[in-house]
Amino acid sequence: MKQKTDVLQGTLALMVLKTLDVLGPRHGYGIARRIEQISGDLLTVNQGTLYPLLLKLEQEGAIASDWGASENNRRARFYRLTREGRKQLQVETQDWEQTAAIIGRFFKVKAQDVS
Amino acid sequence: MSSLRRFLTRLFNSAIRRTNDDERLSEEIEEHVALQTEENLRAGLSPIEARRQAMLKFGGVEAVKEDYRAERRLPFVETLVQDVRYGLRTLRKSPGFTAIAILTLALGIGANTAIFSVVDAVLLRPLAYRDSPSLFNIWGKFEKQGLPILPFSEPEYWDLLGHNESFSQIAAYSTGGNANLTRADATPLHVTEGAATADLFPLLGITPALGRSFAPDEDQPGHSHFALLGYAVWQSQFAGDLNVVGQSIHLDGEAYTIVGVLPKEFSLGGKQDLWVPLGLDRAKPQDRGSHYLFVVARLKLSAGTAQASAALNRFVDYLRRTYPSNYDGEKDFGVYLVPVKEQLTSGFRPALLVLQGAVVFVLLIACANVANLQLAQASSREKELAIRGALGAGRTRLFRQLVTESLILALAGGFLGLAAAYWGVAALLALAPANTPRLNEVHLDLVVLAFTFGVSLLTGLFFGLAPAWHVARTDLQAKLNETGRGTSAAGATQRLRAVLVVSELSLAVLLLAGAGLLIRSFNRLLAVSPGFQTQHMLTLQLSLPDKTYQDGAPVQSFYVQLLTRLKSVSGIQTAGAVSQMPLTDSYTSGSVFFEDTSIPDLPRYPGMQNLPYMEIDQRAATPGYFNAMQIPLVGGRLLNEADNADAPLVAVVDETFAHRFWPHRDAIGRHIAIDGIPKIKPLAPRWRTIVGVVGHVKHYGLGVEGREQIYTPHAQPQFGAYSPRTMTLAVRTSLDPASVTNAIREQVFAIDRDLPLYDIATMDQLVSVSVAQPRLNLSLLAAFAGLALALAAVGVYGVMAYSVAQRTHEFGIRMALGAPPARVLKQVLLEGGRLTALGLAFGLFAAFVLTRLMASLLFGVKPSDPATLGGAAALLALVALTACYIPARRATRIDPIVALRYE
């Protein structure tokens, strides 16, 4: 099994959850577009990697999926956040903010501040 | 939580194959790309370019699909499922190979499971008592007098209780009691009776199946008429009546109240139909020399066995100091402890371990055989494996595939073996001698199932690894390029197969040698003369209750009367009676005192005028006993009717006795005593004159020499006015012994309607029962050895046949060039002979080393008996060479033309 780097995988998963949280049920293409819009070039290539990730989240119970009709009235798979996924998102958002804050402080520290 | 959920989902997906999953992804991808394409079109790209860009952005579709698949299921399980499915298909394609392999394994695994279930129940599992490892039997011993294991006497028991340092509880019991059980509206029944102190059952942690065990106040002298029924009697005689507690029964005419029923699995070794309280009287204990109490004790948590042994040694010192006349100064007396489990099972340990070893060897042979089959199978699959390799299957993958197939075979074999073991265990239980301990605990339980599963897996790895490694290692490229039948690479395979066959042959020789030794032992054992005639003999026991027959004259005259009556029964030639019949597990021994103080090396007994004495087997017999048993008279005379209570006391001794004490002089006319003159203190010997010497009788079994024996007339009381109440009739018949049973019963009933006859058996049956254990060992080991021989023969045949088939081409050329068939035959036989010789050499060496472990099972044969080892080797050589001869013959019949065209 090919594995993306953990950071990318973890971040991508968090982005998916947040997207579904903000926008409500979305199909794969919609999620990809949203992430592309917000993150810039993170997902401009290899959008396909999203699908194994969606499956993983689904198998973990964080999201659920159903068939629905897309904008052009064709069948598309719509993903939505479950209650468990919402909880997971909360926890991970907190973790992420904490981590980001710590890392941020580290980057702000200058040599003279430490001595 | 969520990762567990993901794992379970993936596991579930792996197990259940859904076909629409790939479609779902394809559809999603298609839609994704379509939406992106539309987006691109809106951005002004040409339709073709729009789709191309969309595809580029999406990335590698196949890689995504692969990741997606890996995410959906567990790749490991996925491969396993694939391997299993593929393996099943392969095995189905060669049903002959599969059936033979599974059957071979089933035999091996089944035999192992069956024997292991007995080993587990008898040797491994803790006893059905609470915290059984802390339970010990305590024994006394007078080693120099030939009493290495001696129960306690009542005074010794009380002394032990008074000097207890390391045991939290001590209890005593006795076995071997008999009673006539009578109830209203039921025929009288003879029952065997155990007697226990009230604390025995709580000590063991036994909870009665019904009711309760004895209360302390029910175990008092004069207040002990209570009974605990054994489970079997409760079922058979009381029909499992739940209201049996509180009911009254009569034992030897006295009323007893039933207080409870013992659980089914309760056994103290031996079969007691019911238990009564011992009711020991501490104020008036029996004689210090009357050893009949079995002592069980539970070690204190704080005490170790070494500590307990040291405390028991201090107890011995106390006894020696306090009662010097009983425990002579020669430091002969000792007290020691044995774990209860060891006490119960140690006699069966060697046989069980030898059998378990034997079945493991059989399984190893089965493994070697299946490995050989697989190698043969693998060489015909080389092309297939090479192609799979060329298509991208890695070596580990191929290796895994082959091992998976082996495991499938092994598990199927294990499953079938379990079924075989189910019947095997039933057969074993039916064949096992009745005195084997803990047989009721033998079942195929979870432990045994786990064992079988483990053995199956190990077996699969064992026979699967070598071929798999071998195949996965070979150069697949070379295989594909090879045009003809395997020539060069086949050499390595053939070597591996030769190694396997040599191992099989060695193990088979080892098992044959073991079985041979047991067969020879058994024949030696059966050839032993027991010292009496066994044909046309019927034995029956009866026991006179003391309520209706008082000591002395009434008991004596009953037997005189009965034997006189029996003389007139048609079909009976002679009849006699003895207090302990040989081969019945019943014996008594006691001190015999000698008037002749010149006999060397005898201890002296201060309590009896410091006379020399020795522990000797003692029997009371009626005059007709020797004739009925045809125990030969060596010198002097036999007992006769004139030797009654009024006549001078006499005794007859056996040859061993006469020879040991008076090796160069006549024993007849010498005086010995087995008791003292009643009511005289200090004790004075009651002398008896030896009037005859008879042949020695193998009392304890054909293979046991046994102690010296003396016989006293039943009509001359011992120890005051006592004559044994329980006697065994020895009846010599002219017809089938069993045919006179009813006539004898009628004669007994004519004297006393309430007397049951029991333990009715022909002497041939007693002999047969006495050798049941060695016979079972022998039958099992012989069966395993036969199986081993057959498997080994198949193994040799397989290798030789394969070798000949591989070389059809070569033989063809050689014969075309003029080699005579005899030469080809010789060459093949030589090749097989070399394997056989190697197998024999290793096997004989192993036998030489390992048969020593079964020394305790042998009788009259040394473990390294050259004739037996030679015989085993010869048998194996014969079978192996016959197995080689068939393919060798085939080699000589090869038609050179056909062989050369054969490709």
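Helices and strands here are DSSP runs, numbered from the N terminus; a helix needs at least four residues and a strand at least two. Keep that in mind for chain A. And note that this is a predicted model.

So, chain A. From the N terminus on, its elements run α-β-α-α-β-β-α-α. That gives 5 helices and 3 strands. Chain A has 115 residues, and buried residues make up 31% of them. Now the contacts inside chain A. Take those between residues at least 6 apart in sequence: 46% of them join residues at least 24 apart.

Next, where the chains meet. How many residues of chain B are in contact with chain A? The count is 27 on chain B, against 25 residues of chain A. Four elements of chain B each give two or more residues to that side: helix 1 (2-15), helix 2 (20-42), helix 3 (47-58) and helix 4 (61-72). Helix 2 of chain B has the largest share, with 9 residues.

Now into chain B itself. Look at helix 6, residues 95-124, and helix 12, residues 349-380. Two packed helices are described by the angle between their axes and the distance between the axes. For helix 6 and helix 12 of chain B, the angle is about 165° and the axes are 9 Å apart. Angles over 145 degrees count as roughly antiparallel. Helix 6 and helix 12 of chain B are therefore roughly antiparallel to each other. The crossing of helix 6 past helix 12 in chain B is left-handed. The residues of this contact are 22 nonpolar, 6 polar and 1 charged.

Stay with helix 12 of chain B, and turn to the cores. The largest nonpolar core holds 111 residues. Which of its residues touch the most other members? They are B:V509 and B:A788. Helix 12 of chain B gives the most to this core, 18 residues.

Let's zoom in on B:A788. Set aside its neighbours within four places in sequence. B:A788 is then in contact with B:F361, B:V362 and B:I365, and also with B:L507, B:A508 and B:L511. B:F361, B:V362 and B:I365 fall within residues 349-380, the span of helix 12 of chain B.

There is also a second, separate core, with 59 residues. Among them are B:L563, B:A577, B:V652 and B:V691.

That's the tour. Back to the structure on the screen.

Notes
Residues are numbered from 1 along each chain as its sequence is written. Chains are lettered from A and ligands numbered from 1 in the order in which they are written. This is a predicted model: local features need pLDDT of at least 70, side-chain atom pairs count only at pLDDT 80 or more; totals for chains, interfaces and linings use all residues. Axes are lines fitted to C-alpha atoms, for helices over the stretch in contact, and angles run from 0 to 180 degrees between N-to-C directions. Angles under 35 degrees count as roughly parallel, over 145 as roughly antiparallel, 65 to 115 as roughly perpendicular and the rest as oblique. A crossing is left-handed if the near helix is turned anticlockwise from the far one by less than a right angle, and right-handed if clockwise. Ala, Val, Leu, Ile, Met, Phe, Trp, Tyr, Cys and Pro count as nonpolar, Asp, Glu, Lys and Arg as charged, and the others, Gly among them, as polar. A nonpolar core is a set of buried Ala, Val, Leu, Ile, Met, Phe, Trp, Tyr and Cys residues joined through C-beta atoms within 7 Å. A residue is buried if 20 or more other C-beta atoms lie within 10 Å of its own, exposed if 12 or fewer, and partly exposed in between; C-beta atoms are placed from the backbone. Two residues are in contact if their C-beta atoms, placed from the backbone, lie within 7 Å.
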